[in-house]
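This report describes a protein model chain by chain and then turns to individual residues. Please keep the sequence and the structure in view while reading.

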Amino acid sequence: MSRVNRYLRVQDGLSDWVGKTISWLTLGMIGILLFEVVARYFLNAPTIWGNELTTMFFGALSILSGSYTLRHHGHVRSDVVYGLLPPRGRAFCDLVVFGLGLVVLVIFFKLAIEFAYTSWRMGEFSNQSVWRPPLYPIKSTIAIAVGLLILQSLAELLRAVLRLFGVAYDDPRDDAIDDPA
Amino acid sequence: MANLEPLTITGIMFFSMLVLMAMGAPLAWALMISGMGSAYIMFGNGGLDLLLASAYSTMDNFLLVALPLFIFMGLVLERSGVTDDLFEMIHKLMGRLPGGLGVGTVLICALIAAMAGVSGAATVSLGIIALPAMLKRGYHKRLVTGTIMAGGALGFLIPPSVLMIVYAFLARESVGKLFAAGLMPGLMLASIYMIYILIRCRIDPSLGPPAPEQERFTPREKLLALRHLVAPGILVFAVLGCIIGGITSPSEASAVGAGGALLIAALRGNVSWRLLRYVMLSTTKITGMLLWIAIAAVFFSKIYMGLGAGMILTEMIQDYSLSPYTVIIFMLLSFFLLGMFLDDFAILFITIPLYVPIVNDLGFDTTWFAVLFILSMQSAYLTPPFGYNLFYMRSVAPKDITITDIYRSALPFVALQLTGLALIVAFPSIALWLPNKLF
Amino acid sequence: SQAVAADTVRLRFHTFYGTEMDSIAQEFQDSVEEASDGSLRIQYFHGGELVDSDQFVDAVKRGTIDIGYGVGSYWPGQVNIGNIEAGLPGAWVNTEEARDIFENQGLNDLAREAYAEKGVKLIGRGYGSNYDLLTREPVESLDDLKSMRIRATGQVAEVLQEFDIPTVFLPAQELYVALSTGVIDGVVYGGPVEYEQLKLHEAADNYTFMNMLNPGWIETAIVNQDTWKNLSDEHQTILREGIAQYADGIHEWLEEGNQRLIEEGELFNFASLPDADAKRLTEAAQSIWQDEADKSERNAKAVDILIDNAVKQGRLSE
Ligand code: NA
Ligand code: NA
């Protein structure tokens with residue numbers, strides 16, 4: 001059992017580490033856009049990279065945050081019916097949902113790998129602005145993000161199985177975002 | 001590829017999604033699973049790729065950049081201490097008026113709404129600050145909780161608004177135009193709430209008793225209290241002024257807002273590494289929630305449209321030869337019913353791609369329709385059993401306020417919201433006057 | 001909705017246009033259905049509805065959609081002849097010349113090869129229309145633009161950049177508000193009729209012909225190779241003709257609309273860049289031609305075709 005607990009702790013730790021790392025992108029976006037506004041409005045010298053780079057930061061933040069949000073139960077669900085079920089019924093539902101979800105995510109992962117690979121191979125670049133940045137880094141984040149989400153989903157699936165069979169485990173899910181309020 | 005009737009496809013896709021949601025599946029999961037299943041069975045392998053297309057097109061969108069940044073801004077403001085100052089101010093200025101604190105609470109909500117893009121900021125911070133203060137002074141618990149929840153929901157009608165940004169993304173509207181269109185209806189709704197509170201307290205002063213003699217303040221003290229308006233006022237003007245004054249696009253204005261909120265918090269000595277970390281991580285978490293729903297919902301609707309089922313509503317309207325206004329009423333009714341059970345973003349993603357082309361064909365102004373949608377979502381925040389402001393309130397309210405109290409307190413305000421909605425259906429210029437004037 | 005025979009072939013046709021071409025699309029759908037006695041049907045999707053326009057090549061190859069109708073400059077990162085076939089500044093000055101370059105001087109053959117390499121088949125061309133500058137303030141020369149912020153993409157942005165004219169990147173749906181409020185001072189996005197559709201004349205009414213490239217863009221229709229092979233000869237012919245009819249319909253609608261607005265002269269104040277500036281633009285564009293030629297052997301051949309043609313027309317000395 002301790003092995004299971006250790007696994008859950010390591011997996012949750014991975015998702016937390018990813019979340020903490022990508023959370024810096026928020027400050028990055030604020031910084032770039034403020035710089036862009038000053039450069040354009042006050043100096044009449046808009047950058048050619050500001051808006052597109054911010055969009056890339058946003059894209060990476062959005063997709064990569066999926067596993068962190070799942071680790072913190074942050075994905076919205078409706079408990080109108082689910083909440084009425086007994087604990088085991090809920091565990092069963094979770095098992096079905098995260099099981100099917102894994103199938104979808106594995107297909108998604110396979111497609112995302114191809115998507116990134118094709119882009120790397122042809123050295124794809126963007127044609128939206130004269131900056132013309134390469135697109136393969138941002139396209140690769142999809143595969144990474146889906147891979148991370150698969151890993152966290154496995155942990156959720158395992159938890160559902162344990163609850164279904166009434167096996168106790170210590171859930172290290174003390175909400176790690178400490179609220180200063 | 002199976003050639004199925006649009007009605008069958010609609011049935012399969014929406015039924016499977018609802019079953020999954022009833023099973024407690026996160027919304028993003030329900031949409032992805034039922035979309036993927038439908039793609040595989042009915043669309044062919046090429047349909048699976050649409051999940052990737054949805055992910056990439058959602059990520060590659062400059063409009064949506066404003067989403068995490070307005071959320072960031074709201075979280076900073078919630079923790080900045082601005083609300084404490086504002087409540088102290090209205091306490092000094094309006095405490096002597098029967099129901100005055102309630103009216104003042106609505107004013108604070110409107111002001112926070114003009115700074116933050118989400119509805120949680122005002123509901124949570126006023127729930128923590130104004131709720132106990134008003135209860136202590138003998139205000140009726142249901143009037144107080146209802147006021148805070150309804151006032152908080154103004155957050156996405158009065159610009160800036162995260163919900164409007166996502167709406168603009170889906171319906172190809174201009175964010176700036178939607179922001180302008182939301183302002184007057186937001187102020188109108190705030191006025192309706194205030195009038196309601198004043199009338200109720202005039203009829204029955206025990207609902208919101210005036211402050212006792214010892215809490216009387218001199219004119220000088222009152223005047224001084226107004227200083228608390230300075231910082232929020234500057235922030236509101238900075239964000240909206242940047243958009244209206246042609247300094248920035250709405251996405252860039254969100255960075256100005258986020259930076260400005262940090263500055264205000266810093267000036268009040270409230271920025272710490274702890275706060276910053278909390279805001280960054282919460283922003284990440286909420287962004288993950290919203291954007292994964294967006295990706296999954298865009299995928300779901302692409303599959304639905306790709307299967308050729310999108311015209312089902314148009315056909316029904318033709319078959320039953322409904323009048324244009326009847327169609328609008330049915331749409332609003334669907335928003336209201338869905339709002340009892342679903343999240344606002346879920347309703348947005350499921351209905352808007354279907355409704356907007358129809359609204360357009362019927363010859364209505366799509367900006368006006370967007371405002372009707374946002375107004376309907378305010379009610380969704382208050383209607384039981386599923387409503388975010390109900391949950392926020394429950395999480396901050398003292399134990400002697402039961403969930404039933406909270407549900408019941410919301411009802412009169414929902415009725416007021418519907419009144420506001422009816423006014424805007426009848427007089428579209430309430431919403432359209434400002435954007436036409438400005439742009 | 002009526003029942004459909006099981007052997008009916010349905011094709012997903014995805015355009016990059018919005019709803020403005022709906023009546024032309026309806027004619028296209030109707031004529032295909034009629035010519036095939038209902039055995040071939042077109043499911044029509046607007047820009048962005050299923051896949052983004054810059055993903056058409058990939059989506060057609062994988063069969064997510066059967067036919068993509070877009071412009072090569074959306075995907076030069078994937079098919080590197082894209083910018084050349086969409087139109088390099090100075091490459092042609094009217095529709096007849098453009099048509100001749102594609103159909104008789106071999107540009108279509110090179111493009112067909114390039115698309116075949118990516119696993120899709122080129123089956124149609126559309127010849128766009130005016131693509132010029134719209135600004136809040138009148139523009140009399142290129143130098144006036146140096147103090148303006150212009151929203152432009154692709155090759156046009158590249159040319160403007162050569163003259164130190166700042167270009168801004170903004171999504172199309174923000175153009176109206178950004179122009180009204182002055183976040184940007186001008187756009188290069190389309191012709192008069194497109195600006196009218198977006199109601200941009202309410203925000204900026206100075207239309208300046210740049211005399212750089214006309215038609216300002218060329219449209220490309222590509223089809224999935226398996227889809228194409230599985231069609232009967234009769235269906236292939238019907239589809240080809242249908243697409244050609246759609247492309248011509250769009251071209252005429254744009255040209256007529258532009259002509260009407262230019263003649264009425266009410267919505268926009270029309271002006272042209274001075275000849276000297278047009279010449280400077282064309283000269284500056286030469287370095288862009290060179291950049292494109294350097295990208296591959298095929299691109300070099302394509303640029304040679306453009307150069308030979310320009311020499312023949314007397315716009316370029318040997
Ligand atoms: Na707001
Ligand atoms: Na609700």
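Helices (H or I, at least four residues) and strands (E, at least two) are DSSP runs, numbered from the N terminus. On this basis chain C contains twelve helices and eleven strands, while chain A contains five helices and zero strands. The order of elements along the sequence of chain A is α-α-α-α-α.

This is a predicted model, in which local features need pLDDT of at least 70, side-chain atom pairs count only at pLDDT 80 or more, and totals for chains, interfaces and linings use all residues. Residues are numbered from 1 along each chain as its sequence is written, chains are lettered from A and ligands numbered from 1 in the order in which they are written, and side-chain values use heavy atoms, with hydrogens and water left out.

## Chains A and C

The radius of gyration is taken over C-alpha atoms, and the globule rule is 2.2 Å times the number of residues to the power 0.38. For the 318 residues of chain C, a compact globule would have a radius of gyration near 20 Å, and the value for chain C is 20 Å, which agrees. For 181 residues the rule gives a value near 16 Å, but chain A has 20 Å.

Several further terms are needed for the table. Buried means under 20% relative accessible area, exposed over 50%, and partly exposed in between (1.4 Å probe, protein chains only). Accessible areas come from the Shrake-Rupley method with a 1.4 Å probe; for residues, only the protein chains shown count as cover.

| Chain | C-alpha span along principal axes | Buried residues | Accessible surface |
|---|---|---|---|
| Chain A | about 65 × 45 × 35 Å | 54% of 181 residues | about 7,800 Å², 70% from carbon and sulfur atoms |
| Chain C | about 65 × 45 × 30 Å | 60% of 318 residues | about 12,400 Å², 42% from carbon and sulfur atoms |

Contact means heavy atoms within 4.5 Å. In chain A, 73% of the contacts between residues at least 6 apart in sequence join residues at least 24 apart. In chain C, residues 24 or more positions apart account for 75% of the contacts with a separation of 6 or more.

For charges, Lys and Arg count as positive and Asp and Glu as negative, while His and the chain ends are not counted. The place of a charge is taken as NZ of Lys, CZ of Arg, CG of Asp or CD of Glu. Chain A has 16 positive and 15 negative side chains, and the centres of the two sets lie 7 Å apart. Chain C has 25 positive and 57 negative charges, with mean positions 6 Å apart.

Met29(A) belongs to helix α2 (residues 24–42) of chain A. Its relative accessible area is 0%, so Met29(A) is buried. Leaving aside residues up to four places away in sequence, Met29(A) touches Thr54(A), Phe57(A), Phe58(A), Leu61(A), Val65(B), Pro68(B) and Leu69(B). Although Met29(A) and Phe58(A) are 29 residues apart along the chain, their C-alpha atoms are separated by 7.4 Å.

Thr287(B) belongs to helix α14 (residues 273–306) of chain B. Thr287(B) is buried, with a relative accessible area of 1%. With the same exclusion of residues up to four places away in sequence, Thr287(B) touches Leu61(A), Ser62(A), Ser65(A), Pro68(B) and Trp292(B).

## Cysteines

A disulfide is a pair of cysteine sulfur atoms within 2.5 Å. By this rule there are zero disulfides over all chains. Cys109(B) is in no disulfide, and the nearest cysteine sulfur, that of Cys201(B), is 16 Å away. Cys109(B) is buried at 0% relative accessibility, and Cys201(B) is buried at 1%.

## Backbone geometry

Most residues other than glycine have a negative phi, and most peptide bonds are trans. The peptide bond from Pro159(B) to Pro160(B) is cis, with omega near -5°. Pro160(B) lies in the loop between α8 (141–153) and α9 (162–171) of chain B. The bond from Asn214(C) to Pro215(C) is also cis, with omega near -5°, and Pro215(C) is placed in the loop between β9 (206–209) and β10 (218–224) of chain C.

Arg132(A), which is not a glycine, has a positive phi of about 50°. This residue is found in the loop between α4 (87–122) and α5 (136–164) of chain A. Is Arg132(A) buried or exposed? At 18% relative accessibility, Arg132(A) counts as buried. Ser321(B) likewise has a positive phi, near 35°, and lies in the loop between α15 (312–319) and α16 (324–341) of chain B. Ser321(B) is exposed, with a relative accessible area of 60%.
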